[in-house]
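Please read these notes with the model open beside you. They take up salt bridges and then cavities.

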Amino acid sequence: MSLNIKALAPLIVGAALWALPVPAGLSPNAWSYFAIFAAVVVALILEPIAPALAGLAGVTLAALFKLVPMTAGKDATAADAIKWALSGFSDGTVWLIFGAFMFALGYEKTGLGKRLALTLIKVMGKKALGLGYAVALADLILAPFMPSNTARSGGTIFPVIKNIPPLYGSTPEDNPRGLGGYLMWTALATTCVTSSMFLTSLAPNILAQSLVEKTTKVVLTWNDWFMGFLPVGIVLFAITPLLAYILYPPTKKSSDDAPIWAGNELAKLGSITAREILMAVLALGALLSWIFLKDHVQATTVALAAICLMVVFKVVSWDDVIGYKQAWNVLAWFATLVTLADGLNKVGFLAWFAKSISGSMVGLSPTATMVGLVLVFFLSHYMFASVTAHVAAMLPVMLAAAMAVPGLDIKLVSILLCGTLGIMGVITPYGTGPSPIYYGSGYVKGRDFWILGLVFGLVYLGAFLLIGFPWNLARA
């Protein structure tokens, strides 16, 4: 696709939507805002300009035309509009993503990341597929104890595996498909699966549990959650590294000499240095805090504290921090996307969308209604840059629609809807906390990321409906 077409496509989509009649029940402001949002999404897919710039342009346009009301029944003032436009930069997840990149910087600067990567290659480096399963297993082990998949995958796993592809001659600029693309996508797709497996593996899961109880008076226990997703989780966890290997294969599939080479390189590195030990202590401290102090200290606070200590103890310099363009770029990009997605809720578009969809399901059979609710809930995640926002905006409406259908098992509906919260994160480069981290690594290019997200999203959703639905129906 030529650059001119790529540049025109977002403008055409936005203008076409804006020119259409405003749907009944929706304000002109809300429809205009949706047109801007849709144009930004098209720009993110085609990338005629940098993704961060596309997000910033969308937020700026919405603020310029004061499309987002900050108080009920009143249009936004100029002050309200700019306050909203910058609100994404105060989002904790955005800064936790930034912290993950700083951790990766620390691993790189001290050499600890290279040492860990070489060790992993020495043990499992003969086959690229073996490395994929090693990454997946690491996420699974941590998942029940870490409600932040951004901290788990982005802050713990990514900084280590980022060092592996260059050792195989694969970098974002040179031969990204050599090994890097496969490893990065496997890590992201796997953490989406493990995020659905346990109540405690994703913070929005706990929010969803609370909303289910408040809305329907149904209590979902840790075991209800685990058993509800168990067969789907087993299948998806088992096939994800293999599926990525088939659909997005690394060109460097095997190397019998790699473990020998890694052992020699480890010998050349010599004994571990004081800076490496200090980086390891800070990383381990952050990990233990994320696991055991999650009720007392927010995950982002832990990451920011670790970054400060990294600079104070000269693990990295302040010049290293401010010079890490990749981290600052992703921070700006995701902050604007969080804001744009939040705007859909503030203008009333999401409430209108959810009510319209639920109203169209009146008269369907209980089974068709449940499947329809799951489909709408899952696919509507294209409009969200946060699973938490998705849960808060959509789950109560979906549950209310289910409660209006006579004879529907509300606990079953609740389990089905909540079971999708992790796996839905795979569909976009902004769908869940770790997504911008792996997208920002540069190994999986924009178009590939969207295509893989669509394919894996359909596979995950299909497995959930074909395996999870009858499994939970039988248990109900």
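How many salt bridges does a search of the whole structure find? The search finds seven, a salt bridge being a side-chain nitrogen of Lys or Arg within 4 Å of a carboxyl oxygen of Asp or Glu.

1. Basis. This is a predicted model, in which local features need pLDDT of at least 70 and side-chain atom pairs count only at pLDDT 80 or more, while totals for chains, interfaces and linings use all residues. Residues are numbered from 1 along each chain as its sequence is written, and side-chain values use heavy atoms, with hydrogens and water left out.

2. Glutamate 276 and arginine 115. These side chains form a salt bridge, 2.7 Å from N to O. The pair links distant parts of the chain, 161 residues apart: glutamate 276 is in helix H14 (residues 274-292) and arginine 115 in helix H6 (residues 112-124). Helices are DSSP runs (H or I, at least four residues), numbered from the N terminus. Both glutamate 276 and arginine 115 are buried. Buried means under 20% relative accessible area, exposed over 50% and partly exposed in between (1.4 Å probe, protein chains only).

3. Aspartate 139 and arginine 152. In this salt bridge the closest N and O atoms are 3.1 Å apart. Aspartate 139 belongs to helix H7 (residues 128-142) and arginine 152 to helix H8 (residues 149-161), so the pair ties together parts 13 residues apart in sequence. Aspartate 139 counts as buried because its relative accessibility is 1%; arginine 152 counts as buried at 0%.

4. Lysine 268 and glutamate 265. Here the closest N and O atoms of the salt bridge are 3.2 Å apart. The two residues are three apart in helix H13, so about one helical turn separates them. Lysine 268 is exposed, at 66% relative accessible area, whereas glutamate 265 is buried at 16%. Glutamate 265 also touches Lys114 and Leu118, leaving aside residues up to four places away in sequence; contact means heavy atoms within 4.5 Å.

5. Cavities. There are two cavities of 30 Å³ or more. A cavity is a set of points on a 1 Å grid over the protein atoms alone where a 1.4 Å probe fits but cannot get out, and lining residues have an atom within 4 Å of a point. The largest cavity has a volume of about 60 Å³, volume being the space filled by probe spheres set on the points. Helix H12 gives the largest share of its lining, three residues. Among the lining residues are Trp225, Phe229 and Phe464.

How values were computed. On a 1 Å grid over the protein atoms alone, a cavity is a set of points where a 1.4 Å probe fits but cannot get out, and a pocket is an open set with protein on both sides within 12 Å along at least five of seven lines; lining residues have an atom within 4 Å of a point.
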